[in-house]
Amino acid sequence: MDLIAVAWPYWHQFFFIIFAATAVGFGFGVLLSKNVVRMAFYLVLSLGSTAGLFFLAGAEFVGAMQLMIYVGGTLVLLIFGVMLTAQKDFINMDTHTQDWILATIVGGSLLMVLLFAAFGADDWSTPQDINDAQVEATKEATPLGLALTGIRVDKLGDSGDAVDDGKSGYLMPFIIVSIHLLVVLIGAAYMARTKKLSHATDDKSSRAKLMLFKMEHESEQLEEETYVVTHRGKSALNPLDPQNEN
Amino acid sequence: MLLIGTVSVSWYLAVGAVLFVLGAVCMATKRNLLGVLMGVELVLNGANMNFIAFGSKVLRPEGSLGLDGQLIALFVIVLAAAEAAVALAIALNFYNNHNTVDVDRANELNG
């Protein structure tokens, strides 16, 4: 693998074009597709290509986390949501034409502003001669983990007010994010739980609850019928058996 | 390859900008609640791309954000996971109560 990278100086550009084209292309797929299941699949591919760009920019740990947490966790959750709600009317949903026109105008102008800003600063658009000495793998997991505990091993040489006394560590945000995740997951589990059938108060929820009740009732009936069918030979006196009515 | 010469931070920023705009337009136009959520994910990734590009020592040998950019990107990923969990719970609740995932039907507070 090393030999290929050394022999061919344009590998960074090559992989950048591949990953950027797939990320942007499948992003367009998410936007333009009407089918929500296809949108989910395109999103998986787009975010996977984004992880490839992270690897290319030298952020190996974040790229791996993007693949594991984002593509492997968040998007699987989203796909479960798609599976739970993709009933026949909601798989394909058209966008109104006036929405498309307005969104294209606003999005296009926003894109113009952002691209102008991205290429505006000389410091950012200076091309870097990326040679192989710079790109050798750096072990970033340990500095990142230590920075989360408040120790910046990558800034040991620096001095100054901002770096002293552990001020540049990320212990506090780490704790806040941990508590936030705990609260969010408890809240999500509480909100998404299946509710018992209670007396309805308003029209729409009562209709939904009636539908739920009917569905449950139907499944109960189905269970009874299968019971009757499977036990017909054994229990001739089963009151549910329609043959006993004669 | 000769098309773009050597890669600079701006190219990564351009990809991030395109992803951001695609996500924003997706949020604005989709009628499916899950489609709106996918737009949010695209927006967060577009922002993350900027953090990674500015934190990259390969792309900016001097003046890069260093580890700070990657740390913020990690926080964004974690918060996106939390956001997806809560938003999905809300979406399922909405679906259970209204029998639809069309966001245009959520207009009961309309004055």
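Analyst: Leaving out residues up to four places away in sequence, Leu53(A) touches Phe19(A), Ala20(A), Ala23(A), Tyr12(B), Val15(B) and Met49(B), where contact means that the C-beta atoms of two residues, placed from the backbone, lie within 7 Å. Please keep in mind that this is a predicted model, in which local features need pLDDT of at least 70 and side-chain atom pairs count only at pLDDT 80 or more, while totals for chains, interfaces and linings use all residues. Residues are numbered from 1 along each chain as its sequence is written, and chains are lettered from A and ligands numbered from 1 in the order in which they are written.

User: ok, what is chain A built from, helices or strands?

Analyst: Chain A has 9 helices and 0 strands, where helices (H or I, at least four residues) and strands (E, at least two) are DSSP runs numbered from the N terminus.

User: And how many residues of each chain are in contact?

Analyst: On the chain A side there are 79 residues in contact with 72 residues of chain B. Helix 4 of chain A supplies the largest share of the side that touches chain B, namely 14 residues. That side of chain A divides into 55 nonpolar, 19 polar and 5 charged residues, counting Ala, Val, Leu, Ile, Met, Phe, Trp, Tyr, Cys and Pro as nonpolar, Asp, Glu, Lys and Arg as charged, and the others, Gly among them, as polar.

User: How do helix 3 of chain A and helix 2 of chain B cross?

Analyst: Their axes, which are lines fitted to C-alpha atoms over the stretch in contact, with angles from 0 to 180 degrees between N-to-C directions, come within 11 Å and cross at roughly 10°. That makes helix 3 of chain A roughly parallel to helix 2 of chain B, a term for angles under 35 degrees. Among the residues that meet there are Leu53(A) and Phe54(A) from helix 3 of chain A, and Met38(B) and Met49(B) from helix 2 of chain B.

User: Switching topic, which residues have the most contacts inside the largest nonpolar core?

Analyst: They are Leu53(A), Tyr12(B), Val15(B) and Met38(B), in a core of 75 residues. A nonpolar core is a set of buried Ala, Val, Leu, Ile, Met, Phe, Trp, Tyr and Cys residues joined through C-beta atoms within 7 Å, and a residue is buried if 20 or more other C-beta atoms lie within 10 Å of its own. Helix 1 of chain B gives the most to this core, with 15 residues.

User: And how much of chain A is buried?

Analyst: Buried residues make up 19% of its 246 residues.

Note on methods:
Buried ≥ 20, exposed ≤ 12 C-beta atoms within 10 Å, placed from the backbone. Parallel < 35°, antiparallel > 145°, perpendicular 65-115°, else oblique.
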